[in-house]
Amino acid sequence: MPRLQGYRERLHQPLWDSLIRTTGNPQNPILNGAKLFGNANVGNLGLTNMNAAGQLPSDQTFVCLAIRCWLYFDGTNKRANYLNTAAQLYWTLIVGNKPMFQAPCWYHPAGGGVWGFDSTSSIMTLGTPEQPSILKLARPIIIPVRQGFLAQADWFPIGSVDGLAGINSGASDDQKVILLMLDGLMTRDVQ
């Protein structure tokens, strides 16, 4: 579709990618230092909304205003998976080859999701499910035209407890979702 010369539009559009989304053990184990927003999930909207690996397509730019991490665990090991992931997973957002933001997972509340309790089991979320509880950046992070970017997931065990080992193994009823979202403004051509 031809674009309208000299015109661009700006819209609120988060970018997301999933470190894991599975029941039971993952088909391919998650490695320490795994990178998101690359090739692995492109084309599967349930895992990512990226159309190209590692960069925005067709001269788009992105102004990242907030970073969110959605954790969802259910099944036999839900409590251990949630607590160990929140405590041991650290994210690094890299634009080009420069780290732009590093923080532990617990620092990136999702600002959405399931909230509450019932009499049979606990429900845990990373933060309260409301917009004010997200991590708003003090300064925006700019992803310019044709610039590569990624998010790196590093795990740091606490003593003999290895959260990554728990993510890569467990009971067949364990549901595991770890999704990172860059929330902000996308600028693109008008068509």
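Predicted model: local features only at pLDDT ≥ 70, side-chain atom pairs only at ≥ 80, totals over all residues.
Residues are numbered from 1 along each chain as its sequence is written, and side-chain values use heavy atoms, with hydrogens and water left out. Local features need pLDDT of at least 70 and side-chain atom pairs count only at pLDDT 80 or more, while totals for chains, interfaces and linings use all residues.

**Stop 1: helix α1.** Select residues 78-88, which form α1; helices are DSSP runs of H or I, at least four residues, and strands runs of E, at least two, numbered from the N terminus. K78, N81, Y82, T85, A86 and Q88 are buried here (under 20% relative accessible area, 1.4 Å probe, protein chains only).

**Stop 2: the largest pocket.** Its volume is about 360 Å³. Select L19, I20, N28, I30 and N41, the closest to its centre of the 18 lining residues. Then show β2 (15-23) and β3 (34-36), the elements that give two or more residues to the lining. The largest share, six residues, comes from β2. A pocket is an open set of points on a 1 Å grid over the protein atoms alone where a 1.4 Å probe fits, with protein on both sides within 12 Å along at least five of seven lines; lining residues have an atom within 4 Å of a point. The volume is the space filled by probe spheres set on the points, which are joined across faces, edges and corners.

**Stop 3: P132.** Select P132 in the loop between β6 (98-104) and β7 (135-143). P132 is exposed (over 50%), with a relative accessible area of 61%.
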